[in-house]
Amino acid sequence: MSGKATLITQGTQLSLRRVPRKVKNLIDEGGMSVFNSEEFAYLVNVGIGGQAFWVTFDTGSSDLWVVSSGCADPDCQGVPVYSPSTSATLHTSGIFFRLVYLLGSVQGTVASETVTLGAIQIVSQTFALANETNGLFLRTTGNSGILGLSFPPAAAIRPTAGTTVLDNIFSHLGESDRFFAFKLGRNGNFSDPSVANSSFTIGKLDPSIVDASNGTAQITYFPVFKTHSSPYDYWKLPIVNLTINGFSLSLTASLVPGAPSPIGVLDTGTTLILGPTLDVKTFWDSVGTGGSTRFNAQSNLWEVRCDRAVDVRFSFGQGDEGREYAVHPEDISWAEGGQGNGWCMGGVQVNDGVTSGDWLLGDVFLRNVYVVHHGPTSSKPPLVGLLSLTDPHTALTDFQTARGLDPAPPPSVANRSSSGQWTEDAKIASAMSAVGGFLLGGLVAVCCKVGRRSRRATARW
């Protein structure tokens, strides 16, 4: 059931749009913290058996699935569904498919069908027909499924049942063109993708973002991280530094075996930046001088004053060779996620259930960069290319113009040790938090993403 296609000699561009996903009212007992928490998703248009669907564009998973007309659950009502009876190219296998998310699940059967992505057509592409979904809030977005674009080992559909979309695309692209690239639009009309300012291309760079004559020279490429004993699974990069107004924040040692520093997973399917409890607490304690941050015990979310202006940057690479990328202040004090009484949701939240890495770098980070995901070649490993789209000085000026001047004192970074590493007690505490993360992180998932799926149908972020 592996996909078949001729060699792809010309790149293609696909429609990518941004939509609101779900609204959750968060109100504390005293009525002082009231806001609507709204997450968002980026959807890409995919053709399956001649039928068109908007599905979640997800670099944090590897499977393609779409809701079938056989799904009678309320969760999948009101969205476009795949109709097997109208297709002459569908082949079902009878193989059971199930993915369990942090919140929600999907199950159905494995099949193969002709799949179209822009100008690319794959015959006999393996995918899953979902006949049961639960807790995924599909109808709030018009989202009919998920297009996963991570590596095959992260797929729930086993290799013996078929090949992933990404593998089929990469195997039919020349080595120099074996990549996809995207920009996640920051603003725009939710209902009209033409004004959403997003971009998704396969086999070519977007000339409106990079200079066609020297595009690769503008982009810094980093090798995807993997351990010596395991294959590539997700698009991972070592985080060598996290700074707040130029001061480094000490991060916990990575829980990924053999990692030189904390590992960040680039994941378009997650809205926020998610990290370990202790790191996230230190982050907000450092930002929160003058009482400008607080932890909402009812929602289990960090909140920040909507006018809090901070310069946050992540650095990737190894050792002193790291390259830093700025995060817009409006992604840290995230008014778009919900606000009330001058308080906004924080763009960085806790989830210790991240088992594929230490941090999930979701859309509030990724919309600050143009990203290129390059597959392996005969001479190079998989690479992630990043081009900064956020000038920190311009971003700060724009933020203050929109939100007003920040009256709080500058952040005061509280490093826990001069070495930048945790003590043994802190490492143990971090490991204990990871064990219980799936129970403790539930509310974060409501506001950040409809859960993360695990490798081989075991819950993960």
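Mentor: Lys281 and Asp285 both sit in helix α3 (residues 277-287), four residues apart, or about one turn of the helix. Helices (H or I, at least four residues) and strands (E, at least two) are DSSP runs, numbered from the N terminus. This is a predicted model, in which local features need pLDDT of at least 70 and side-chain atom pairs count only at pLDDT 80 or more, whereas totals for chains, interfaces and linings use all residues. Residues are numbered from 1 along each chain as its sequence is written, and side-chain values use heavy atoms, with hydrogens and water left out.

Trainee: What do the side chains of Lys281 and Asp285 meet in?

Mentor: They meet in a salt bridge, 2.7 Å from N to O; the term requires a side-chain nitrogen of Lys or Arg within 4 Å of a carboxyl oxygen of Asp or Glu.

Trainee: How many salt bridges does the structure hold?

Mentor: It holds nine. One of them links Glu330 with Arg186, the closest N and O atoms being 2.9 Å apart. Glu330 lies in helix α4 (residues 329-332) and Arg186 in the loop between β10 (179-183) and β11 (199-202), so the pair ties together parts 144 residues apart in sequence.

Trainee: Is Arg186 buried or exposed?

Mentor: Arg186 is buried, at 14% relative accessible area, while Glu330 is partly exposed at 24%. Buried means under 20%, exposed over 50%, and partly exposed in between (1.4 Å probe, protein chains only).

Trainee: Now another pair: what about Arg313 and Asp311?

Mentor: Their side chains form a salt bridge of 2.8 Å, N to O. Separately, salt bridges that share partners join Arg186, Glu330, Asp331 and Arg367 into one network.
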